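Please read them alongside the sequence and the coordinates.

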Amino acid sequence: MTTAKQIMHLGAQCVPENETLARAAQLMRDMGVGSLPICGSDDKLRGIITDRDIVIKCIAAGGDPNTTTCMEMAKGTPIWVDAKADEDEVLKTMEQHKIRRVPVIEDHQIIGMISEADLAQHLSNEKLAHTNSPNTAAPPTGG
C-alpha cells in the first residue's frame, strides 16, 4: 500500500504565522502554488492559508492583506496526515474535512504536501473515482 510520504510532493515551504497575507500571496505566486502551511517560530504547523482564503476572507470582507497576518486567517485545528499514513487514510482525511490539500508530518515537522493532483498521479482509477465528490464540487452560488 502507498504511504503519504510516497504520494506527497517534497519541500513544502512554511509561511511564518506573523507574515502578512500580501507576502503569503507573493510567495504563492513565486512558487506556483495555491496554498502554504503556516508555521510558528518552532516550525510547527499552525494552519494553512490558501489563495481563496486571502481573497474571500480578507479582501472581499474589506480586510487589508498588507496588515492582516496569516495567523489571523488560520482558524481551528490544522488538519494533517502522518508520513506513514496509507493512501486510504489520506483519502479519508481529505474527504472527511472536504479539503484539497493536506500537509504531511514526520517527527513533528512538515515534510511535504499532498494535493488532489498528487493523488491523481499515485492512486488507481477506482480509488480516484471516490474522490471526485465534495472536494471538487464548486461552492454554491447565492440567489
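1. Burial is used here in the sense of relative accessible area, where buried means under 20%, exposed over 50% and partly exposed in between, with a 1.4 Å probe and protein chains only. On that scale, buried residues account for 39% of the 143 residues in the protein.

2. Concerning provenance, this is a predicted model, in which local features need pLDDT of at least 70 and side-chain atom pairs count only at pLDDT 80 or more, while totals for chains, interfaces and linings use all residues. Numbering starts from 1 along each chain as its sequence is written, and side-chain values use heavy atoms, with hydrogens and water left out.

3. Helices (H or I, at least four residues) and strands (E, at least two) are DSSP runs numbered from the N terminus. The protein has 7 helices and 7 strands, and its elements follow the order α-β-β-α-β-β-α-α-β-α-β-β-α-α from the N terminus on.

4. Strands count as paired if DSSP finds at least two bridges between them. An open sheet with mixed pairing contains 4 strands in the order β1-β7-β6-β5. Because β1 (9-10) and β5 (81-82) stand at the edges with a single partner strand each, one side of each has no neighbour in the sheet. Strand β7 (residues 109-115) and β6 pair in the antiparallel sense over 6 bridges, and S115 in β7 stands opposite R101.

5. A nonpolar core is taken as a set of buried Ala, Val, Leu, Ile, Met, Phe, Trp, Tyr and Cys residues joined through side-chain atoms within 4.5 Å. The largest such core has 14 residues, of which A4, V81, V90, M94, V104, I114 and L119 touch the most other members. At least two residues of this core come from each of α1 (4-7), α5 (87-97) and β6 (101-106), with α5 giving the most, 3 residues. A second, separate core has 13 residues, among them L21, M28, I49 and A74.

6. With contact meaning heavy atoms within 4.5 Å, 60% of the contacts between residues at least 6 apart in sequence join residues at least 24 apart.

7. Accessible areas come from the Shrake-Rupley method with a 1.4 Å probe, and for residues only the protein chains shown count as cover. The protein exposes about 8,300 Å², of which carbon and sulfur atoms supply 50%. Helix α3 (residues 51-59) contains I59, which is partly exposed, with a relative accessible area of 46%.
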